[in-house]
Amino acid sequence: MIRVEHLAKTYSNGPTVLTDVNTEIKRGEIISIIGPSGTGKSTFLRCLNLLEKPSDGKIWINEQDILDPKSDVNALRRKMGMVFQSFNLFEHMTVLGNLTIGPIKLLNASKEQAETRARELLKMVGLAAKENSFPDELSGGQQQRVAIARCLSMNPEIILFDEPTSALDPTMVSEVLSVIRTLAQEGMTMAIVTHEMKFARDVSTRIFYMDEGIIYEEGTPEEIFENPKREKTRAFIHRIRSFVYHIENNDYDFYDLQSKIEGFGAKHFFQAQEINNIQLIVEEIMQLCLKEGDVQERTETFNKSGGLELTLEYSEASSGVTINFIADKSLKTILNQTENSDGLSLAIISAMTDDLKETVVDDKVRLSMGLKR
């Protein structure tokens, strides 16, 4: 139903928001678009219905090239409704007037036809009793439901939702999401920019995670929320806060590292014992790197390898802490503790961590473990 190739958008004042967006959306799909602020999610929607003119690329709607100068943009917009975060209702009109003006003016519907359809839609969104009210007499959630009903009054084939709940009080969010769920059950094709992760997971057929001006990763809700393949997606989904420290050689500043670990833990309200355990795990890992076998040989190997990168990851979603060490694979046997070790360091680390595992990718070894909490 929608096909996008190499879509790009650069504004005249300089910033490039979209660099190379490519996707297809089939009829009846519900696409939730998630990602950090400023990554082009809303711009992508606005390009789809030409509220923003793309700088480059192609967009087809039902096999029609909408960027062709011969295309009827107004006809396109009648097929593709859009619901904004700021409602955009006509303040001087009643709710019924807001729903009937479009069909009468643009679809050549009679007043009776438009009002009959409007009342059906108001009943669907739970606002049949508000047809004679003015927008300023309604709550934010009610205004957004009216905005959705007004969009539906134009009989669109596709609806674009641009953060439809972001301007609402938290108590009003569920009423708007319930209406969108109803539309999903009825088979409406929708693309929804949202920060409501549980809603996106429940209602979507596919998730687009946008970052770096592209659709950085896409997949089913299960794939994106349970097993994201890329680091930025994972960090966003799990709301991961990270601390990175590079240890270049065996002369690293031990006290500086320990102090920074303590600061990261305090910032995220770790218990004192948890901070102490992380510091001890790091110390034991470094002992493994520097003490096994011939000390001089191990030290030289460590220094030549480029050292270690320590990453602490704290997930706000699960409150879990993951400790990662990444190094050149020449240190693999050191990280994995060879037969020359007495096993004490590994025993200490294993007692304080879960899921201790080692993987090798592109000549780099990653030792990863979860902190027992």
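Helix H3 is followed by asparagine 108, whose phi is positive, near 60°; helices here are DSSP runs of H or I with at least four residues and strands are runs of E with at least two, numbered from the N terminus. The model is predicted, with local features needing pLDDT of at least 70 and side-chain atom pairs counting only at pLDDT 80 or more, while totals for chains, interfaces and linings use all residues. Residues are numbered from 1 along each chain as its sequence is written, and side-chain values use heavy atoms, without hydrogens and water.

**Helix H3**

- An open sheet is built from five strands in the order E11-E12-E13-E15-E14, with antiparallel pairing, where two strands pair if DSSP finds at least two bridges between them.
- Strand E11 (240–247) and strand E14 (353–361) are the edge strands, each pairing on one side only.
- Antiparallel strands E12 (residues 308–315) and E13 (residues 321–328) are joined by seven bridges, and glutamate 313 has threonine 322 in E13 as its bridge partner.

**Helices on the sheet**
- Helix H10 (residues 254–267) packs on the sheet and touches E11 and E12 (contact means heavy atoms within 4.5 Å), its direction making about 175° with that of E11; such angles run from 0 to 180 degrees between N-to-C directions, with axes fitted to C-alpha atoms, for helices over the stretch in contact.
- Helix H14 (residues 344–352) also packs on the sheet, touching E14 and strand E15 (364–371), and its direction makes about 115° with that of E14.
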